[in-house]
Amino acid sequence: MKAFVFPGQGAQFVGMGKDLYDNNEVAREMFEKANEILGFRITDLMFEGTDEDLRQTKVTQPAIFLHSVILAKTLGADFNPDMVAGHSLGEFSALTAAGALSFEDGLKLVAARAMAMQKACELKPSTMAAVLALPDEKVEEICAGIGGVVVCANYNCPGQIVISGEIEAIDKACEQLLAAGAKRALKLKVGGAFHSPCMEPARAELAKAIEATEVHEPVCPVYQNVDAKPHTDPAEIKANLVAQLTAPVRWTQTVRNMIADGATEFVELGPGKVLQGLVMKIDRNMAVSGQQ
(Lines give C-alpha, C1' and ligand atoms only; values in the text may rest on other atoms or scores of the structure.)
Protein backbone atom coordinates (compact mmCIF):
# COMPACT_ATOMS: atom_id res chain seq x y z
CA MET A 1 0.00 0.00 0.00
CA LYS A 2 1.20 3.47 -0.87
CA ALA A 3 1.30 6.33 1.64
CA PHE A 4 1.85 9.91 0.51
CA VAL A 5 3.30 12.29 3.12
CA PHE A 6 3.58 16.07 3.10
CA PRO A 7 6.29 18.18 4.81
CA GLY A 8 5.86 21.06 7.22
CA GLN A 9 7.58 24.35 7.97
CA GLY A 10 11.36 24.35 7.61
CA ALA A 11 11.50 22.45 4.31
CA GLN A 12 11.35 25.58 2.14
CA PHE A 13 14.11 26.67 -0.25
CA VAL A 14 14.52 29.47 -2.80
CA GLY A 15 13.43 28.25 -6.23
CA MET A 16 10.86 25.80 -4.84
CA GLY A 17 8.11 25.05 -7.37
CA LYS A 18 9.71 26.98 -10.24
CA ASP A 19 10.11 23.90 -12.46
CA LEU A 20 6.43 23.13 -11.97
CA TYR A 21 5.45 26.68 -12.90
CA ASP A 22 7.69 26.79 -15.97
CA ASN A 23 6.85 23.36 -17.37
CA ASN A 24 3.24 22.59 -16.48
CA GLU A 25 0.22 24.65 -17.52
CA VAL A 26 -2.05 23.30 -14.76
CA ALA A 27 0.60 24.16 -12.16
CA ARG A 28 1.03 27.66 -13.60
CA GLU A 29 -2.72 28.31 -13.41
CA MET A 30 -2.84 27.12 -9.80
CA PHE A 31 0.12 29.30 -8.80
CA GLU A 32 -1.48 32.35 -10.43
CA LYS A 33 -4.77 31.59 -8.68
CA ALA A 34 -2.83 31.47 -5.40
CA ASN A 35 -1.28 34.90 -6.08
CA GLU A 36 -4.81 36.22 -6.57
CA ILE A 37 -6.21 34.60 -3.41
CA LEU A 38 -3.30 35.73 -1.20
CA GLY A 39 -3.21 39.27 -2.57
CA PHE A 40 0.54 39.23 -3.24
CA ARG A 41 2.82 37.40 -5.67
CA ILE A 42 4.04 34.57 -3.51
CA THR A 43 5.53 33.01 -6.64
CA ASP A 44 8.08 35.85 -6.84
CA LEU A 45 9.21 35.11 -3.28
CA MET A 46 9.27 31.35 -3.83
CA PHE A 47 11.19 31.45 -7.10
CA GLU A 48 13.48 34.47 -6.71
CA GLY A 49 13.20 35.71 -3.11
CA THR A 50 15.75 35.41 -0.34
CA ASP A 51 16.01 32.86 2.47
CA GLU A 52 14.86 35.64 4.79
CA ASP A 53 11.74 36.23 2.66
CA LEU A 54 10.86 32.54 2.82
CA ARG A 55 11.39 32.36 6.59
CA GLN A 56 8.47 34.72 7.22
CA THR A 57 5.66 32.54 8.57
CA LYS A 58 3.07 34.27 6.37
CA VAL A 59 5.16 33.25 3.33
CA THR A 60 6.61 29.91 4.47
CA GLN A 61 3.37 28.13 5.22
CA PRO A 62 1.47 28.99 2.01
CA ALA A 63 4.63 28.37 -0.05
CA ILE A 64 5.12 24.83 1.25
CA PHE A 65 1.40 24.11 0.95
CA LEU A 66 1.37 25.29 -2.67
CA HIS A 67 4.45 23.33 -3.63
CA SER A 68 3.06 20.09 -2.16
CA VAL A 69 -0.54 20.38 -3.36
CA ILE A 70 0.31 21.52 -6.89
CA LEU A 71 2.88 18.74 -7.17
CA ALA A 72 0.22 16.18 -6.21
CA LYS A 73 -2.16 17.67 -8.79
CA THR A 74 0.42 17.46 -11.60
CA LEU A 75 1.01 13.76 -10.88
CA GLY A 76 -2.49 13.03 -12.18
CA ALA A 77 -3.22 9.30 -12.03
CA ASP A 78 0.16 8.71 -10.39
CA PHE A 79 -1.21 10.34 -7.24
CA ASN A 80 -3.01 7.22 -6.04
CA PRO A 81 -2.78 7.16 -2.25
CA ASP A 82 -4.07 4.40 -0.03
CA MET A 83 -3.45 6.74 2.90
CA VAL A 84 -1.97 10.22 3.50
CA ALA A 85 -0.47 12.23 6.35
CA GLY A 86 1.27 15.57 6.78
CA HIS A 87 3.66 16.93 9.39
CA SER A 88 2.08 19.93 11.13
CA LEU A 89 1.36 22.40 8.28
CA GLY A 90 1.65 19.40 5.93
CA GLU A 91 -1.64 18.06 7.30
CA PHE A 92 -3.44 20.83 5.38
CA SER A 93 -1.58 19.80 2.22
CA ALA A 94 -2.55 16.15 2.81
CA LEU A 95 -6.21 17.02 3.33
CA THR A 96 -6.31 19.18 0.21
CA ALA A 97 -4.51 16.64 -1.97
CA ALA A 98 -6.92 13.95 -0.74
CA GLY A 99 -9.96 16.07 -1.57
CA ALA A 100 -11.15 16.89 1.96
CA LEU A 101 -10.48 20.59 1.30
CA SER A 102 -10.77 22.49 -1.96
CA PHE A 103 -7.58 24.14 -3.21
CA GLU A 104 -8.99 27.61 -2.49
CA ASP A 105 -10.25 26.73 1.00
CA GLY A 106 -7.03 24.90 1.89
CA LEU A 107 -4.92 27.88 0.88
CA LYS A 108 -7.14 30.36 2.73
CA LEU A 109 -6.95 28.25 5.91
CA VAL A 110 -3.16 27.96 5.66
CA ALA A 111 -2.85 31.74 5.17
CA ALA A 112 -5.15 32.34 8.16
CA ARG A 113 -3.18 29.81 10.22
CA ALA A 114 0.12 31.52 9.38
CA MET A 115 -1.17 34.97 10.36
CA ALA A 116 -2.76 33.69 13.58
CA MET A 117 0.45 31.92 14.58
CA GLN A 118 2.51 35.01 13.78
CA LYS A 119 0.28 37.11 16.05
CA ALA A 120 0.50 34.53 18.85
CA CYS A 121 4.29 34.52 18.56
CA GLU A 122 4.37 38.31 18.97
CA LEU A 123 2.20 38.23 22.10
CA LYS A 124 4.78 36.39 24.19
CA PRO A 125 8.44 35.49 23.56
CA SER A 126 8.68 31.73 23.12
CA THR A 127 10.75 29.17 21.23
CA MET A 128 11.42 25.49 20.47
CA ALA A 129 14.41 23.17 20.92
CA ALA A 130 15.47 19.89 19.34
CA VAL A 131 16.37 17.08 21.74
CA LEU A 132 18.39 14.09 20.53
CA ALA A 133 19.08 10.64 21.98
CA LEU A 134 16.78 10.51 24.99
CA PRO A 135 13.71 8.27 25.41
CA ASP A 136 10.38 10.06 24.92
CA GLU A 137 9.36 9.28 28.49
CA LYS A 138 12.47 10.94 29.93
CA VAL A 139 11.90 14.12 27.92
CA GLU A 140 8.26 14.21 29.02
CA GLU A 141 9.25 13.67 32.67
CA ILE A 142 11.79 16.53 32.65
CA CYS A 143 9.41 18.93 30.91
CA ALA A 144 6.65 18.11 33.40
CA GLY A 145 8.95 18.98 36.33
CA ILE A 146 9.79 22.49 35.14
CA GLY A 147 7.78 25.58 36.07
CA GLY A 148 6.35 27.56 33.19
CA VAL A 149 5.25 26.32 29.79
CA VAL A 150 7.43 23.62 28.19
CA VAL A 151 5.99 20.58 26.41
CA CYS A 152 6.88 17.94 23.84
CA ALA A 153 5.73 19.38 20.51
CA ASN A 154 7.03 17.03 17.80
CA TYR A 155 7.64 13.30 18.20
CA ASN A 156 9.65 13.10 14.97
CA CYS A 157 11.30 9.68 15.27
CA PRO A 158 12.80 7.55 18.06
CA GLY A 159 15.41 9.66 19.84
CA GLN A 160 14.35 12.93 18.20
CA ILE A 161 11.83 15.17 19.93
CA VAL A 162 11.20 18.90 19.66
CA ILE A 163 10.11 20.71 22.81
CA SER A 164 8.21 23.98 22.80
CA GLY A 165 7.37 26.72 25.27
CA GLU A 166 8.42 29.87 27.08
CA ILE A 167 12.07 30.84 26.57
CA GLU A 168 13.09 30.60 30.24
CA ALA A 169 11.41 27.22 30.64
CA ILE A 170 13.04 25.93 27.43
CA ASP A 171 16.47 27.06 28.69
CA LYS A 172 15.97 25.22 31.99
CA ALA A 173 14.71 22.11 30.20
CA CYS A 174 17.72 22.08 27.86
CA GLU A 175 20.11 22.19 30.84
CA GLN A 176 18.36 19.30 32.56
CA LEU A 177 18.02 17.26 29.34
CA LEU A 178 21.75 17.55 28.65
CA ALA A 179 22.50 16.59 32.25
CA ALA A 180 20.24 13.55 31.78
CA GLY A 181 22.31 12.38 28.81
CA ALA A 182 20.79 14.03 25.75
CA LYS A 183 23.27 14.14 22.88
CA ARG A 184 21.92 17.55 21.99
CA ALA A 185 19.34 20.04 23.29
CA LEU A 186 19.52 22.90 20.84
CA LYS A 187 17.22 25.89 20.49
CA LEU A 188 15.77 26.29 16.99
CA LYS A 189 15.55 29.44 14.89
CA VAL A 190 11.76 29.69 14.94
CA GLY A 191 9.34 32.51 15.61
CA GLY A 192 7.64 30.94 18.59
CA ALA A 193 6.39 27.91 20.51
CA PHE A 194 4.37 25.99 17.93
CA HIS A 195 2.24 23.04 19.10
CA SER A 196 2.19 24.25 22.71
CA PRO A 197 -0.24 26.11 24.99
CA CYS A 198 1.46 29.33 23.81
CA MET A 199 -0.51 28.91 20.56
CA GLU A 200 -3.89 29.10 22.31
CA PRO A 201 -4.72 32.57 20.86
CA ALA A 202 -4.00 31.23 17.37
CA ARG A 203 -6.07 28.09 18.01
CA ALA A 204 -9.07 30.15 19.08
CA GLU A 205 -8.77 32.40 16.03
CA LEU A 206 -8.26 29.57 13.54
CA ALA A 207 -11.14 27.55 15.02
CA LYS A 208 -13.63 30.08 13.62
CA ALA A 209 -12.14 29.82 10.13
CA ILE A 210 -12.10 26.00 10.24
CA GLU A 211 -15.71 25.81 11.46
CA ALA A 212 -16.78 28.05 8.57
CA THR A 213 -15.00 25.88 5.99
CA GLU A 214 -16.63 22.97 4.19
CA VAL A 215 -14.75 19.71 4.71
CA HIS A 216 -15.53 16.73 2.45
CA GLU A 217 -14.84 13.05 2.94
CA PRO A 218 -11.30 12.44 1.61
CA VAL A 219 -10.50 9.84 -1.08
CA CYS A 220 -8.50 7.84 1.48
CA PRO A 221 -7.85 7.87 5.24
CA VAL A 222 -5.92 10.89 6.55
CA TYR A 223 -3.74 10.14 9.57
CA GLN A 224 -3.94 13.27 11.71
CA ASN A 225 -1.24 14.69 13.97
CA VAL A 226 -3.19 14.91 17.22
CA ASP A 227 -3.95 11.20 17.63
CA ALA A 228 -1.91 9.54 14.81
CA LYS A 229 -5.08 7.73 13.69
CA PRO A 230 -6.85 7.50 10.32
CA HIS A 231 -9.85 9.77 9.75
CA THR A 232 -12.40 10.18 6.97
CA ASP A 233 -15.29 11.80 8.88
CA PRO A 234 -15.43 15.56 8.13
CA ALA A 235 -16.51 16.48 11.68
CA GLU A 236 -13.59 14.55 13.21
CA ILE A 237 -11.17 16.07 10.70
CA LYS A 238 -12.32 19.59 11.66
CA ALA A 239 -12.02 18.94 15.40
CA ASN A 240 -8.52 17.53 14.98
CA LEU A 241 -7.41 20.48 12.85
CA VAL A 242 -8.57 22.90 15.55
CA ALA A 243 -6.75 20.92 18.26
CA GLN A 244 -3.56 20.63 16.18
CA LEU A 245 -2.11 24.07 16.96
CA THR A 246 -1.73 23.43 20.69
CA ALA A 247 -1.27 19.63 20.56
CA PRO A 248 1.90 17.69 19.71
CA VAL A 249 2.67 16.29 16.26
CA ARG A 250 2.77 12.53 16.83
CA TRP A 251 4.79 11.68 13.72
CA THR A 252 6.52 8.56 15.05
CA GLN A 253 3.19 7.10 16.10
CA THR A 254 1.57 8.15 12.80
CA VAL A 255 4.15 6.36 10.65
CA ARG A 256 4.03 3.26 12.85
CA ASN A 257 0.23 3.17 12.60
CA MET A 258 0.36 3.57 8.81
CA ILE A 259 2.82 0.67 8.57
CA ALA A 260 0.65 -1.45 10.89
CA ASP A 261 -2.31 -0.71 8.62
CA GLY A 262 -0.45 -1.96 5.55
CA ALA A 263 1.77 0.85 4.20
CA THR A 264 4.72 -0.59 2.28
CA GLU A 265 5.90 2.56 0.48
CA PHE A 266 6.11 6.21 1.53
CA VAL A 267 6.25 9.00 -1.06
CA GLU A 268 7.06 12.54 0.12
CA LEU A 269 5.55 15.35 -1.95
CA GLY A 270 6.97 18.84 -1.46
CA PRO A 271 10.24 20.59 -0.68
CA GLY A 272 13.09 18.72 1.01
CA LYS A 273 13.57 15.14 2.12
CA VAL A 274 13.00 15.48 5.87
CA LEU A 275 10.07 13.08 6.10
CA GLN A 276 11.82 10.41 4.04
CA GLY A 277 14.65 10.51 6.58
CA LEU A 278 12.26 10.29 9.53
CA VAL A 279 10.38 7.34 8.03
CA MET A 280 13.69 5.50 7.53
CA LYS A 281 14.62 6.14 11.17
CA ILE A 282 11.24 4.78 12.30
CA ASP A 283 11.49 1.69 10.08
CA ARG A 284 14.72 1.17 8.12
CA ASN A 285 13.12 -1.50 5.94
CA MET A 286 10.51 0.84 4.51
CA ALA A 287 10.67 1.95 0.84
CA VAL A 288 10.79 5.75 0.60
CA SER A 289 10.94 8.22 -2.29
CA GLY A 290 10.05 11.81 -2.97
CA GLN A 291 9.30 14.46 -5.56
CA GLN A 292 10.09 18.15 -5.34
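How many bridges pair β1 with β2, and in which sense, parallel or antiparallel? I found four bridges, and the sense is parallel. For my own reference, two strands count as paired if DSSP finds at least two bridges between them. Strands (E, at least two residues) and helices (H or I, at least four) are DSSP runs, numbered from the N terminus.

**Ground rules.** I am working on a predicted model, where local features need pLDDT of at least 70 and side-chain atom pairs count only at pLDDT 80 or more, while totals for chains, interfaces and linings use all residues. Residues are numbered from 1 along each chain as its sequence is written, and side-chain values use heavy atoms, with hydrogens and water left out.

**The six-stranded sheet.** I traced an open sheet with mixed pairing in the order β8-β7-β2-β1-β9-β10. β8 (230-231) and β10 (287-291) are the edge strands with a single partner each, so one side of each has no neighbour in the sheet. Next I looked at β1 (2-6). Four of its five residues are buried, so β1 is largely enclosed by the rest of the structure; buried here means under 20% relative accessible area, exposed over 50%, and partly exposed in between (1.4 Å probe, protein chains only). On the β2 side, I see Val5 bridged to Ala85. Towards β9, β1 runs parallel over four bridges, and Ala3 stands opposite Phe266.

I checked two. Helix α6 (90-97) lies across β1, β2 and β7, at about 150° to β2. Helix α12 (251-260) lies across β1, β2, β7 and β9, at about 175° to β2. Axes are lines fitted to C-alpha atoms, for helices over the stretch in contact, and angles run from 0 to 180 degrees between N-to-C directions. Contact means heavy atoms within 4.5 Å.

**The four-stranded sheet.** I read its order as β4-β5-β3-β6, an open sheet with antiparallel pairing. β4 and β6 (184-187) are its edge strands, pairing on one side only. Neighbouring strands here are turned by 25° against each other on average, direction ignored. Seven bridges hold the antiparallel pair β3 and β5, with Ala130 partnered by Val162. Helix α8 (136-144) lies across β3, β4 and β5, at about 165° to β4.

**The largest pocket.** What is its volume? I noted about 820 Å³. Of 32 lining residues, Gln9, Gly10, Ala11, Leu188 and Val190 are the closest to the centre. On a 1 Å grid over the protein atoms alone, a pocket is an open set of points with protein on both sides within 12 Å along at least five of seven lines, and lining residues have an atom within 4 Å of a point. Points are joined across faces, edges and corners, and the volume is the space filled by probe spheres set on them, the probe being 1.4 Å. Helix α7 gives the most to the lining, four residues; β3, β4 and β5 are among the elements supplying at least two.

Last, I looked up Gln276, which lies in helix α13. Gln276 has a relative accessible area of 14%, so it is buried. Not counting residues up to four places away in sequence, Gln276 touches Glu268, Val288, Ser289 and Gly290.
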